[in-house]
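I record below what I looked up.

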Amino acid sequence: MFRNIFVIIIYLTMSMSGIAQTFDIDKDLDRLDNVVSKAKWYYADKEKEIGKLKLQNTTSYGDQDLYTYLLSITDAYLKYNSDSALYYANQCHQIALSDKQAEEILDIELRLILIHIYRGEIDQAMHMLAQKGDIKKAPIPCQQLMAIISIELEGRYLGRKYPLFSKAFKLHSKKIWSKYGQYISKDNWLYYYYRNFYLGDVSKSTLQKLLQKARPNTIQAAMLNIALSKIYRQEKNQNAYAHYLIESAINDITSSNREAMSLLFLLKTPYIEQGSSRAAEYALLCTDNATSFHDGLRSLDIVKAHSIITRKYEEKMKRNEKYLVTGIILLFLTLIAIIILSYLMYLRAQNRKIMVDDMQRMNRSLHYSIDSERQLQEKLKINNRKLLEEIKKRNRNFIEVYRLITNYLGDIDEFKKGVYNLLITGQIEKAKTMLTSSGNLEKYLQNFYYQFDIAFLDSHPDFVMRFNALLKPEAQIKQPKPNILTVDLRIYALISMGITDSVSIASFLHFSVQTVYNYRSKIRKSAISPADFAEQIAQLYS
């Protein structure tokens, strides 16, 4: 008897586990609409949270306490504002270098690589990581972070070469996990997140348990939700896939995670009507996030999404124009009928008047709808142009910098050959003269200053205006040419980017330390508030 009862219980348990989960996607999307509409509030709360952190009095802090404090600000900005994260990470790096703690230096340099990865600067990140050497030779406390960074970097690079879920992608994913997965602790939830992405052999129940332990409205919850959505996508369970994508997007927004893709993935599902205002709102938020975070890698995906939505809007507008013409014709025919039948239908005149008024209201509503859609379309086109201009600007600066380096290398090679030939032919004095001549160095410096000025003003076009606002009226500095900075402006441009000590500035610009000190002293005396001038410059773009 007991055996029969046990069999029945097992049967019922297996039957219940086989029941598929059902989700109300319409309600999920309504929740997401509400969160998207409040995105600016969540970002404002994030700013307040970081603002309170910055208000701490650090005057009594030693180097280690200051390093820990600046690292906490870096982490707060990590997936919210990449520029600020980069600024504070560089400050941590300066402290670590001054303390000469090898492990601490490696840790903050790895974080700097991670920031470049999140910004979509994959080639730069790969170059920086290659300089760190073999992960096996890294200090054990740094190996896990180095493994996570390597997995993120190689995974994103792989995504640029092969379509997601393709055979080639899966094959290379296994190699990446085999190389780095062993360095991530199984007590860390990220182990299962990355294993699921690269091997796809983590069970749904394991991810569900981790999700239950995660705090809501966090980046961890967002990442675990998107991991679950990947499993359901492979199982072709579209409802569950959409549900967990929505949950991930909600957690991204409420946690102020601007380095996120859930909302962009959701735009590509059939649950979002491409020509709807909902799609437009989601796409605009994706654009704002990518622009604020300076994520160049996502820009092209967002441009594609915008193009699809814009095309759908154009098709919808054409349909509405046809409806408008039809409505006008119907209205005209109705008015003629009213005039012809007015005498015979006198008793129904009032009803006809009501019908005409209703149609006029419909006409006005239709005009209003078309105007609104046209305005939104223009806004989308402007955003597209801005994104494309930003990509062109970055490409242009990249090419100019590397052209300068290439020319420099070529000149160095020619210089070496010239000195070598003079030495071979016994012209020692001429060789000495060539080696002591500063003509070529001056040419290189002028080219370097020129490229630096163009690149800096390209990304900080209002720098001179902001800088002059801190100086007295009689001490205002004018640019010699529109794209050229004076020595004073060039020094303070570096300070505004986080290079604050005179030794580093002198090394960067090939000046003496005393020269840099003299320029800084002269400008500080011309400031409206000399005592606060250094802090005002440091906060110029933070």
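Is D30 buried, partly exposed or exposed? I found D30 to be partly exposed, because its relative accessibility is 46%; buried means under 20% relative accessible area, exposed over 50%, and partly exposed in between (1.4 Å probe, protein chains only).

I note that this is a predicted model, in which local features need pLDDT of at least 70 and side-chain atom pairs count only at pLDDT 80 or more, while totals for chains, interfaces and linings use all residues. Residues are numbered from 1 along each chain as its sequence is written, and side-chain values use heavy atoms, with hydrogens and water left out.

I placed D30 in helix α2 (residues 25-37); helices (H or I, at least four residues) are DSSP runs, numbered from the N terminus. From D30 to R278 I read a C-alpha to C-alpha distance of 10.0 Å, although 248 residues separate the two in sequence.

I then turned to salt bridges, each a side-chain nitrogen of Lys or Arg within 4 Å of a carboxyl oxygen of Asp or Glu. The structure has 17 of them.

R111 pairs with D75 at 2.9 Å, N to O. This pair links helix α4 (residues 63-77), which holds D75, to helix α6 (residues 102-118), which holds R111, across 36 residues. R111 also forms a salt bridge with D107, at 3.0 Å between the closest N and O atoms. D107 lies in helix α6 as well, four residues from R111, about one turn of the helix. I list D107 as buried at 18% and R111 as partly exposed at 22%.

Finally, I recorded a network of salt bridges that links K79, E152, R156 and E259.

Methods:
Helices (H or I, at least four residues) and strands (E, at least two) are DSSP runs, numbered from the N terminus.
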